[in-house]
Amino acid sequence: MNIVRIVFAVVVAAAGMLVAGQASAAPASSAAAAFQIQYIKRVVSGAPNTVVSGTALCPSGTRMVSSAAGNAGIAAITPLPDFSGAEAVGRLRSTASRAFLEIVVGCLPTAQVPGLSSSSWISWPAPPQACQAAR
């Protein structure tokens, strides 16, 4: 029984050393250093409670890999067909002292983006009647 325990302990230790050796073969920072995303921001101002739209474009030689919009009621945010930027539409807040729509795109050099695809999420606010009925 003692021999089985010793053999088992040696096998577990050897497997642990093998796994640890393989994991340390690659530099820890290689994945983080590989991609340096450049963020571009565009701000569209307007009168409170109006619908505005705007486009944030990536610099030449780069492609959009992420996009976001905020500080307004966002109706849509869509990548441009060639992934050179994104367009957003939103209703500016009626209570804001400075009403604006902010659009941000993350861009990478084209060589670091071999293939692109898009996905869309549509979010609609629930009508007030639905919120009252749920209470």
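In strand β5, Ala88 is the bridge partner of Gly54. Strands here are DSSP runs (E, at least two residues), numbered from the N terminus. The model is predicted, so local features need pLDDT of at least 70 and side-chain atom pairs count only at pLDDT 80 or more, while totals for chains, interfaces and linings use all residues. Residues are numbered from 1 along each chain as its sequence is written, and side-chain values use heavy atoms, with hydrogens and water left out.

β2 and β5 pair in the antiparallel sense over seven bridges. Two strands pair if DSSP finds at least two bridges between them. An open sheet of three strands runs in the order β2-β5-β4, with antiparallel pairing. β2 and β4 (72-79) stand at the edges with a single partner strand each, so one side of each lacks a neighbour in the sheet.

Now the disulfide (a pair of cysteine sulfur atoms within 2.5 Å). A search of the whole structure finds one. Cys58 and Cys107 form this link, with sulfur atoms 2.0 Å apart. Cys58 lies in the loop between β2 (51-57) and β3 (62-70) and Cys107 in β6 (100-109), so the pair ties together parts 49 residues apart in sequence. Buried means under 20% relative accessible area, exposed over 50%, and partly exposed in between (1.4 Å probe, protein chains only).

| Residue | Relative accessibility | Class |
|---|---|---|
| Cys58 | 11% | buried |
| Cys107 | 1% | buried |

A nonpolar core is a set of buried Ala, Val, Leu, Ile, Met, Phe, Trp, Tyr and Cys residues joined through side-chain atoms within 4.5 Å. The largest has 15 residues, and Cys58 is among those that touch the most other members. β6 gives the largest share of this core, four residues.
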